[in-house]
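Here are my notes on this one, as numbered points. Have the sequence and the model open while you read.

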Amino acid sequence: MTRSPIGKTRGFHRLTIRQVYFALDSENLVNQNRDRFLYSHPCHLKNQESRKEGDRAMKKLLVVSCVAFLVTVHFASAQTKWSLSKSLLQANNQVSFNQGADGVWYFLQSKTFVHNPRTYELITTYYEPCVSDAVSHWVDGMPCWQNPVPDSAGYRLPLVGINTLFTTQVVKNFGFPPRSVFMHPSSTGLAIIGWKSPLTGLVNVSGFFSDLDPTGSTGVKWSVDKGSTRLASGTIQNGGAPQTFSLASVSITAGQVLYFTIDPDRDYASDSTGVDVTITAVTH
Ligand SMILES: [Ca+2]
Ligand SMILES: [Ca+2]
């Protein structure tokens, strides 16, 4: 049998590529190898009826092989895990830190504290570095998706940002961890990260929120929402310990959005919040 060039691929794919060879060259293969198939078979089929049975068996094998190949390709190419920080930091610039990052991540804001997705808006502007103000002095390597309209105190909030650098960055009076994602709400609305599901099924959702800035008065309130439904929530007191969430087998349909929100808990000063999220498809 002529060896297909693509048959040199490794391990698991070898079988399926051989199956593709069968499928692509089916007629020739049937004709050229029928006798070899028949006479090498343990039953050693010799008569005419046996030859017909051999043909039918060969055709069944082709059908089964094609189906197996299509199923293999489908599951081999489908992404089943999404990490917020890995997705956003992949290219260290707007190529990966972009609306629709990795096909799923979005950066939004609201103008009220109501968890109503119909009112959420995409943050429109990308800055590198984030726009400095009276208290924060951002450095190259720390880009933000940031409200371009400053509030009455001069702060462009909400924002979602990343530290692409491999060292802690002190841009105010505290450090932003290396290779991390952070958000900050405004005085009137939520900072929101959305994950738009590419699949229909079950997903496991885990991650954390952390208060990065120990100054200020109040901490923040966080939530994980499916649409407008609260799946998990908590309050981190100012300077308090990070809080984690872990949700198993959340049912989701393709196009439905999970929202990871930060509310300023009345006072929005010093509400820089670290965040990471991992979403994994449940496969059986
Ligand atoms: Ca704080
Ligand atoms: Ca606060």
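1. Start with the overall picture. Of the 284 residues of the protein, 29% count as buried; a residue is buried if 20 or more other C-beta atoms lie within 10 Å of its own, exposed if 12 or fewer, and partly exposed in between, with C-beta atoms placed from the backbone. The secondary structure comes to 4 helices and 16 strands.

2. A word on what you are looking at. This is a predicted model, in which local features need pLDDT of at least 70 and side-chain atom pairs count only at pLDDT 80 or more, while totals for chains, interfaces and linings use all residues. Residues are numbered from 1 along each chain as its sequence is written, and chains are lettered from A and ligands numbered from 1 in the order in which they are written.

3. On confidence: pLDDT is the predictor's confidence in each residue, from 0 to 100. The protein averages 84, and 73% of the residues score at least 70. Over residues 37-45 the pLDDT is below 50, and this stretch has 11 contacts in the model beyond near neighbours in sequence. Residues 69-75 also stay under 50, with 5 contacts beyond four places in sequence. Two residues are in contact if their C-beta atoms, placed from the backbone, lie within 7 Å. Where pLDDT is low, the predicted coordinates should not be read in detail.

4. In what order do the 6 strands of the open sheet come? The order is 3-2-10-15-12-13, and the pairing is antiparallel. Strand 3 (121-122) and strand 13 (229-236) stand at the edges with a single partner strand each, so one side of each has no neighbour in the sheet. Two strands pair if DSSP finds at least two bridges between them.

5. Follow strand 15 (residues 257-263) through that sheet. 6 of its 7 residues are buried, so strand 15 is largely enclosed by the rest of the structure. Strand 10 (residues 191-196) is joined to strand 15 by 6 bridges, running antiparallel, and Ala191 stands opposite Ile262 in strand 15. Strand 12 and strand 15 are also antiparallel, over 6 bridges; here Trp222 stands opposite Ile262.

6. Val224 has Ala232 as its bridge partner in strand 13.

7. What about the core? A nonpolar core is a set of buried Ala, Val, Leu, Ile, Met, Phe, Trp, Tyr and Cys residues joined through C-beta atoms within 7 Å. The largest one has 48 residues, and Leu88, Leu159, Val160, Met183, Ile192, Ile193 and Val275 touch the most other members. Leaving aside neighbours within four places in sequence, the contacts of Met183 include Leu159, Ala191, Ile193, Ile262 and Val275.

8. Among contacts between residues at least 6 apart in sequence, 63% join residues at least 24 apart.

9. Two buried loop residues are worth a look. Asn147, in the loop between strand 5 and strand 6, counts as buried with 22 C-beta neighbours inside 10 Å. Asn147 and Ser186 are 39 residues apart in sequence, yet 9.2 Å apart C-alpha to C-alpha. Gly189, in the loop between strand 9 (180-184) and strand 10, is buried with 24 such neighbours inside 10 Å. Beyond four places in sequence, Gly189 is in contact with Gln109, Ser110, Lys111, Thr112, Phe113 and Pro158.

10. Check the prolines. The peptide bond from Glu128 to Pro129 is cis, with omega near -5°; Pro129 is in the loop between strand 4 (126-127) and strand 5 (144-146). The bond from Leu157 to Pro158 is cis too, with omega near 5°, and Pro158 falls in the loop between strand 5 and strand 6 (159-163).

11. Asp102 has a phi of about 55° and sits in the loop between helix 4 (84-89) and strand 2 (105-109). Is Asp102 buried or partly exposed? With 17 other C-beta atoms within 10 Å, Asp102 is partly exposed. Ser249 has phi near 50° and lies in strand 14 (residues 243-252); with 11 other C-beta atoms within 10 Å, Ser249 is exposed.
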